Every structure is written in C-alpha cells, then in structure tokens.
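Here are my notes on the model, jotted down as numbered points. Have the structure open while you read, since I hop between helices.

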Amino acid sequence: PTMNSYFDQQWDQQLAGRPQALAAFSSLDSAAQEKIVGYIQSCDDTWEADRRIQRMLTRLEAGESRPPED
C-alpha cells in the first residue's frame with residue numbers, strides 16, 4: 001500500500017506539471033483513468049514507475065489514452 005501511495009503522489013505531481021496531459025487525463029472516464037493508474041502501480045520499483053509515468057504522460061499529450069501493452 002505504501003508503494004501505491006508513493007506512485008500516486010508521483011503521478012499527481014508529474015501530471016500537474018504537464019497541463020496538456022492533465023487536461024487529457026481529466027477528460028477520460030473513471031474506468032480509463034483507473035487503467036492508467038493501474039498500469040503505473042503494477043510495477044514494484046520507483047525507477048520503473050517513473051519510466052511508466054513519463055511514458056504515459058507522453059502518450060496522453062499525443063492523444064493516446066490507453067497505457068502501452070508491454
């Protein structure tokens with residue numbers, strides 16, 4: 001649980017700094033948002049989480065709302 005809250009905090013902070021990604025994320029329905037958060041939380045180290053966060057922010061800015069499959 002503590003890791004998840006760390007990931008959530010990182011996601012929120014990173015997202016806040018990327019207005020375009022934030023707008024895209026905010027416009028998604030809750031199921032789509034949960035998928036993204038699940039993708040970020042489904043790893044177990046901070047380095048990988050950060051990589052996933054950056055990747056997801058880039059995807060959101062490109063208009064892609066689904067997490068990568070790999």
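1. Let's begin with a helix pair. Helix α3 (residues 30-41) packs with helix α4 (residues 46-61) at an angle of about 150°, and their axes are 8 Å apart. Keep in mind that this is a predicted model. An angle over 145 degrees counts as roughly antiparallel, so that is the label for α3 and α4.

2. Who makes that contact? On the α3 side you'll find Ile36, Tyr39 and Ile40, while α4 brings Ala49, Arg52, Ile53, Arg55, Met56 and Leu60. Sorted by class, the contact of α3 with α4 has 7 nonpolar and 2 charged residues, with no polar ones.

3. Next, have a look at Ile53, which sits in helix α4. Its relative accessible area is 1%, so Ile53 is buried. Setting aside neighbours within four places in sequence, Ile53 is in contact with Phe7, Gln10, Trp11, Gln14 and Ile40. Pro67 is worth checking as well: Ile53 and Pro67 are 14 residues apart in sequence, and their C-alpha atoms are 9.9 Å apart in space.

4. One of those partners is Gln10, and its place is in helix α1. Is Gln10 buried or exposed? It is buried, because its relative accessible area of 17% falls under the 20% cut-off. If you leave out residues up to four places away in sequence, Gln10 touches Asp50 and Ile53.

5. Now for the other helix pair, α1 and α3. Their axes come within 10 Å and cross at roughly 120°. Where does that put them? The range for roughly perpendicular is 65 to 115 degrees, and roughly antiparallel needs over 145, so α1 and α3 are oblique to each other. The crossing is right-handed.

6. The α1 side of this contact consists of Asn4, Phe7, Asp8 and Trp11, and the α3 side of Ile36, Val37, Ile40 and Gln41. By class, the contact of α1 with α3 has 5 nonpolar, 2 polar and 1 charged residues.

7. On to the aromatics. How many aromatic pairs does a search of the whole structure find? The search turns up 2. Take Trp11 and Phe25: their ring centres are 5.4 Å apart and their planes lie at 75°. Planes over 60 degrees apart count as edge-to-face, so that is what this pair is. The pair links distant parts of the chain, with Trp11 in helix α1 (residues 2-16) and Phe25 in helix α2 (residues 19-26), 14 residues apart.

8. Are the two partners in that pair buried or exposed? Trp11 counts as buried, because its relative accessibility is 3%. Phe25 is buried as well, at a relative accessible area of 10%. Trp11 also turns up among the contacts of Ile53 and in the contact of α1 with α3.

9. Last stop: Gly17, in the loop between α1 and α2. With a relative accessible area of 55%, Gly17 is over the 50% cut-off and therefore exposed. For a sense of distance, Gly17 and Gln33 are 16 residues apart in sequence and 18 Å apart in space, C-alpha to C-alpha.

Technical notes:
Residues numbered from 1 in each chain as written. Predicted model: local features only at pLDDT ≥ 70, side-chain atom pairs only at ≥ 80, totals over all residues. Heavy atoms only, no water. Phe/Tyr/Trp six-rings, centres within 6.5 Å; stacked < 30°, edge-to-face > 60°. Helix = DSSP H or I, 4+ residues; strand = E, 2+ residues; numbered from the N terminus. Buried < 20%, exposed > 50% of the residue type's maximum accessible area, 1.4 Å probe, protein only. Axes fitted to C-alpha atoms, helices over the stretch in contact; angles between N-to-C directions. Parallel < 35°, antiparallel > 145°, perpendicular 65-115°, else oblique. Left-handed = near helix turned anticlockwise from the far one by under 90°. Contact = heavy atoms within 4.5 Å. Nonpolar A, V, L, I, M, F, W, Y, C, P; charged D, E, K, R; others polar.
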